[in-house]
Amino acid sequence: MTNNWQMFPHDDYSPIFGASLSTYVPPELFLMVMYSFGGMRSVQLNNTVIRKIMETVPAGASLKQLEHYGQIIASGKFHQYDYGKAGNVERYNATRPPEYRLENVRAPVALYYSENDWFVDPKDVQLLKTKLTNVIFDYRVTAPEFNHLDFLFDQAAVKIYEEIIRIIMTSEKET
């Protein structure tokens, strides 16, 4: 069944596509395409997992999610989805979508980012930090080549995961 609201949905055919991709496409080519989306290739990429990553592609994304992301970039504001004036009035009782009230976030927040992340600008992270009231950790990965996808696939990400677990465990003891 085709889903008109998803781009590259993960469906019954995805494992077949992923298996074919991992069999017939050289990992180097796959990585070149993958890193063209997330930032330049990291030197610490765990090459042993490349074929497994290839088997899970495509994972799918909501078209509405991608459109919302584009709206936020175009407006320069962190707001709810813009349905157009009439749709906004119906949904929000206002002609423009409301901004997210980040000052109301009470949960502890830890921020992790890098300079080579093509999806998350460090300036935006610092702006976010000024709007959140409970940032308990702010960490910029110093490796200049570390990018968005490296938070998932880089061998060095294990250290970040360990730090996240430590922060969660500490926060739970304090509450």
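1. The largest nonpolar core of this predicted model has 8 residues, namely Tyr 112, Val 141, Ala 143, Phe 146, Phe 151, Ala 156, Ile 160 and Ile 167. Such a core is a set of buried Ala, Val, Leu, Ile, Met, Phe, Trp, Tyr and Cys residues joined through side-chain atoms within 4.5 Å, where buried means under 20% relative accessible area, exposed over 50% and partly exposed in between (1.4 Å probe, protein chains only).

2. Leaving aside neighbours within four places in sequence, Phe 151 is in contact (heavy atoms within 4.5 Å) with residues including Tyr 112, Val 141, Phe 146 and Ile 160.

3. Arg 140 is found in strand 4 (residues 135-141); strands (E, at least two residues) and helices (H or I, at least four) are DSSP runs, numbered from the N terminus. With a relative accessible area of 35%, Arg 140 is partly exposed, and, not counting residues up to four places away in sequence, Arg 140 touches Tyr 113 and Glu 115.

4. As for confidence, the protein averages a pLDDT (the predictor's confidence in each residue, from 0 to 100) of 81, and 68% of the residues score at least 70. The mean is lowest in strand 1 (residues 6-7), at 55, and highest in helix 5 (residues 84-92), at 97.

5. Residues are numbered from 1 along each chain as its sequence is written, and side-chain values use heavy atoms, with hydrogens and water left out. Because this is a predicted model, local features need pLDDT of at least 70 and side-chain atom pairs count only at pLDDT 80 or more, whereas totals for chains, interfaces and linings use all residues.
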